[in-house]
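Subject: Structure handover

Hello,

The structure we talked about is below. Please keep it open while you read the notes that follow.

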Amino acid sequence: MQTGFRLNLSPVREPLGFVKVVEWLTAVLAFGTCGGYTGRNQLSIFCDGGDNQTLTATFTYPFRMSQERLVENNTTLCNRSVAETHLVGDASSSVEFFVAVAVLAFLYSMAALLVYLGYMHVYRDSDFGPMFDFVLTSAFAFLWLVCSSAWARGLQTVKDATGTAGIDLTLALCRDAGVRCEVTEFASMRLLNISVVFGYLNLLIWVGNAWFVYKETRWHSQKVNAQQAAGRGPATAHI
């Protein structure tokens with residue numbers, strides 16, 4: 001059996017290879033829409049008998065909100081001295097897990113495409129290649145489910161921490177009599193919402209691809225052969 005590299009583009013025209021190209025693209029879009037994000041919400045503080053104040057709540061990837069400073073130390077707001085205050089919450093573990101899965105899926109898709117395009121003759125002549133591919137593809141489908149669900153919950157944590165209710169709980173000044181706080185300008189979180197959508201889209205794509213990879217394994221061929229043999233058995237006995 002020849003094991004050298006032989007370029008063959010036909011697998012890309014088949015579901016097995018075409019879906020891997022789609023997986024590669026959607027993985028890039030998943031981590032590209034949330035990594036490096038920076039958002040700014042503007043908080044307006046309305047003071048009775050004084051000038052209104054404005055603060056900016058800035059939050060960036062990986063969304064360790066407790067490290068994002070809302071108020072500098074000993075700042076005077078509404079004629080009151082306010083101690084240094086940070087936002088509350090931490091979504092870093094969920095978003096970093098999401099990005100890690102997306103990057104690994106991107107790398108695996110590239111490696112699998114290399115095998116499909118250059119070593120398909122080896123892949124289909126061995127039991128190990130398709131079985132290994134199927135196990136990893138199924139594992140990535142499960143990881144997409146877990147990381148997308150975790151990041152969806154983490155994104156809600158970011159929204160809660162930077163909204164009016166979250167900042168009211170964070171900034172003690174907002175609970176004083178005669179002071180009202182309200183977020184009047186919100187950062188666009190469209191890209192972060194899209195990243196969650198791409199996460200669940202990747203789940204569906206990888207589950208679908210697992211079926212096409214399974215059809216390349218000997219588990220599927222043995223099942224088909226057994227069904228064909230069972231179908232021929234009664235006909236043979238009748239003859």
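A residue is called buried when its relative accessible area is under 20%, exposed when that value is over 50%, and partly exposed in between, with a 1.4 Å probe and only the protein chains counted. The areas themselves come from the Shrake-Rupley method with a 1.4 Å probe, and for residues only the protein chains shown count as cover.

Two notes on how to read the values. This is a predicted model, in which local features need pLDDT of at least 70 and side-chain atom pairs count only at pLDDT 80 or more, while totals for chains, interfaces and linings use all residues. Residues are numbered from 1 along each chain as its sequence is written, and side-chain values use heavy atoms, with hydrogens and water left out.

Overall layout

The protein has 7 helices and 7 strands. Here helices (H or I, at least four residues) and strands (E, at least two) are DSSP runs, numbered from the N terminus. Their order from the N terminus is α-β-β-β-β-β-β-α-α-α-α-β-α-α. Of the 239 residues, 40% are buried. The protein exposes about 12700 Å², and 60% of this comes from carbon and sulfur atoms. A contact means heavy atoms within 4.5 Å. Among the contacts with a separation of 6 or more, 73% are between residues 24 or more positions apart.

Disulfides

A disulfide is a covalent bond between the sulfur atoms of two cysteines. The search counted a pair of cysteine sulfur atoms within 2.5 Å, and it found 2 disulfides in the whole structure.

One of them joins C47 to C78, with an S to S distance of 1.7 Å. C47 is in strand β1 and C78 is in the loop between β4 (75-77) and β5 (80-82), so this pair ties together parts that are 31 residues apart in sequence. The angle about the S-S bond is -60°, which makes the link left-handed. Both C47 and C78 are buried.

The other disulfide joins C174 to C181, at 2.0 Å from S to S. This link is left-handed too, with -95° about the S-S bond, and both C174 and C181 are buried. Counting bonded cysteines along the chain, the pattern is 1-2, 3-4.

C34 is buried, because its relative accessibility is 0%. C147 also counts as buried, at 0%.

A residue in strand β1

N41 is found in β1 (residues 38-47). Is N41 buried or exposed? N41 is buried, as its relative accessible area is 1%. A polar atom of its side chain lies 2.9 Å from the backbone oxygen of T162.

W24, L25, L29, V103, L104, L107 and M110 form a nonpolar patch on the surface, with about 580 Å² of accessible area together. Patches are made of residues with over 30% relative accessible area and no salt bridge, where like charges are joined within 9 Å and nonpolar side chains (Val, Leu, Ile, Met, Phe, Trp, Tyr) within 5 Å. A salt bridge is a side-chain nitrogen of Lys or Arg within 4 Å of a carboxyl oxygen of Asp or Glu. The elements that give two or more residues to the patch are α1 (15-32) and α2 (92-118). Helix α2 gives the most, with 4 residues. L107 lies in α2 and counts as partly exposed, because its relative accessibility is 46%.

Regards

Note on methods
A polar contact is a pair of N or O atoms within 3.5 Å; within protein, one must be able to donate a hydrogen and the other to accept it, and residues adjacent in sequence count only if both atoms are side-chain atoms.
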